Amino acid sequence: GPYWRWGYLLPCGLPLAQVLGRAVFTGLLVLYWLWALLVYRLPRRFDRRLLWVFAILLTAFALGIPAALDPLRGIREWLKFASEASVWLFAYAAIERVPGGLERLVRTLGLAAIAMLGVLYGKLFWQLQSADFSPTRMLQEDGLAFLTPFALYTLLSTGGRAGRWGAALCLGAAGYYILLAQGRAALVGLAAAVFVFAWLAEGWRARTALAVTVVLFAAAVMTQGDVLLRGAASQSTLSGATDQLSAGRTVIWRQALASPPRHLFVGVGLGNTALYERILTVDRGPERGPIVVKHLHNFVLDCWYETGLIGVGAMFLWLGVFFARGALRWRVAAPRGRAAAGTLLAGSFAIIAAGLFSFSYLSKPFAVYLPLFLGALAARGQVR
């Protein structure tokens, strides 16, 4: 049917849809979810242990909702996460059923990443005309960190000098946009993506891949050092320097650790951290005044605070099992399948790296794209 010919590739358009607007993203995701649900059936070789791990994760996330300050908010966030993260089941089924589905999924994600980069620069030229242009507020750099490996895979798979020059241009354009947006978390994620892609997808030695990544990262920091470091060197104490460098993230981390959730094992409930303003308030000094952020800007701490020790343990179990399965599939795959699997691993590690300094475990990168990548990796379809 049409779903198995091209419909399973609809999630590849989600990054571009996210840039175009929230309504476009939600509409495409709902269309994909409903269509996949109509044709879905468990593959014959489905590993039910993966389903049990996912069920444990959802159960652990729900435990703190009854005692939350706002249980309805917790229920809404739980339903949203459960529906978004379930895309891994659809990706798993597609890769099991469609011949060459893994390579096609990764290549289509690469085309979408290239298109998204073009749209971002098109919007940038329009945004530059605005008198109140603010790169940190208006630019959308988060997706570039974990989608650039897919663009590199697609360009390099074309072969020849044109493919290599195109990949270099794409990497430079993504890095420049992230630097312009002053996205330090995205820059860390991009560095992780480049390292894992060069190592696992392109077959470089780990030391060579790490050395090249460090050089590129150092060059990026040197070109925008004043902006990225934000005067951290001028601080007299180590804590002051880290607070300045992290834009106050370390302040809210310390505040959260100093005032842990009342229910240590189940947390305060999904989405309920936003109700604890005393933890989320960053004092920026007498001149700029305090600011209240929306979450803890670290997916581990966010998960711990909202779902407790049980929830964060279930999350690490889920990540550990799926990453282990992905690494196994990479090892036993044929060369083309290994390159595609390495690209998915690069995107996954980029989300993890950036999520340590930026988005929550309930965000789109963590709740949609990471399960999508891990679900495709867990399937046996790339083995030849």
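**Entry 1. Ground rules.** I number residues from 1 along each chain as its sequence is written. Because the model is predicted, local features need pLDDT of at least 70 and side-chain atom pairs count only at pLDDT 80 or more, while totals for chains, interfaces and linings use all residues, and side-chain values use heavy atoms, with hydrogens and water left out.

I take helices (H or I, at least four residues) and strands (E, at least two) as DSSP runs, numbered from the N terminus. Two packed helices are described by the angle between their axes and the distance between the axes. The axes are lines fitted to C-alpha atoms, for helices over the stretch in contact, and angles run from 0 to 180 degrees between N-to-C directions.

**Entry 2. α4 and α5.** I looked up helix α4 (residues 48–62) against helix α5 (residues 71–85) and found an angle of about 165°, with the axes 10 Å apart. The two are therefore roughly antiparallel (angles under 35 degrees count as roughly parallel, over 145 as roughly antiparallel, 65 to 115 as roughly perpendicular and the rest as oblique). Their crossing is right-handed; a crossing is left-handed if the near helix is turned anticlockwise from the far one by less than a right angle, and right-handed if clockwise.

I then listed the contact (heavy atoms within 4.5 Å). From α4 it involves F54, L57, L58, F61 and A62, which meet W78, F81, A82 and A85 of α5. Sorted by class, this contact has 9 nonpolar, no polar and no charged residues. For the classes, Ala, Val, Leu, Ile, Met, Phe, Trp, Tyr, Cys and Pro count as nonpolar, Asp, Glu, Lys and Arg as charged, and the others, Gly among them, as polar.

Entry 3. Helix α9 (residues 142–156) and α7 have axes that come within 7 Å and cross at roughly 120°. The pair is therefore oblique, and the crossing is left-handed. On the α7 side I noted E103, V106, R107, L109, G110, L111, A113, I114, M116, L117 and L120; on the α9 side, G143, L144, L147, F150, A151, Y153, T154 and L155. The class count for α7 with α9 is 14 nonpolar, 3 polar and 2 charged residues.

For α9 and α18 the axes also come within 7 Å, but the angle is roughly 160°. That makes α9 roughly antiparallel to α18, and the crossing is right-handed. A145, F146, P149, F150 and Y153 of α9 make this contact with R336, A339, A340, T343, L344, A346, G347, A350 and I351 of α18. By class I have 11 nonpolar, 2 polar and 1 charged residues here.

**Entry 4. Two helix lengths.** Helix α18 (residues 335–355) has 21 residues and reaches 30 Å from its first C-alpha to its last, close to the 30 Å expected at 1.5 Å a residue. The expected span is 1.5 Å times one less than the number of residues. I found α18 mostly covered, with 17 of its 21 residues buried (buried means under 20% relative accessible area, exposed over 50%, partly exposed in between; 1.4 Å probe, protein chains only).

In α10, 21 residues should span 30 Å, and the end C-alpha atoms are 31 Å apart, which agrees. The buried residues of α10 are G163, A167, C170, A173, A174, G175, Y177, I178 and L179.

**Entry 5. Positive phi.** Just after α10, Q182 takes a positive phi of about 60°. Q182 sits in the loop between α10 (160–180) and α11 (184–201) and is partly exposed at 22% relative accessibility.

H297 is not a glycine either, yet has a positive phi of about 55°. I placed H297 in the loop between β2 (290–292) and α17; at 18% relative accessibility it counts as buried.

**Entry 6. Two more residues.** L301 is in helix α17 (residues 299–332) and is buried, with a relative accessible area of 16%. Leaving out residues up to four places away in sequence, L301 touches W253, L257 and L296. The C-alpha atoms of L301 and V312, 11 residues apart along the chain, are separated by 8.5 Å.

S130 lies in the loop between α7 (101–127) and α8 (135–138) and is partly exposed, at a relative accessible area of 27%. From S130 to Y8, 122 residues apart along the chain, the C-alpha separation is 39 Å.
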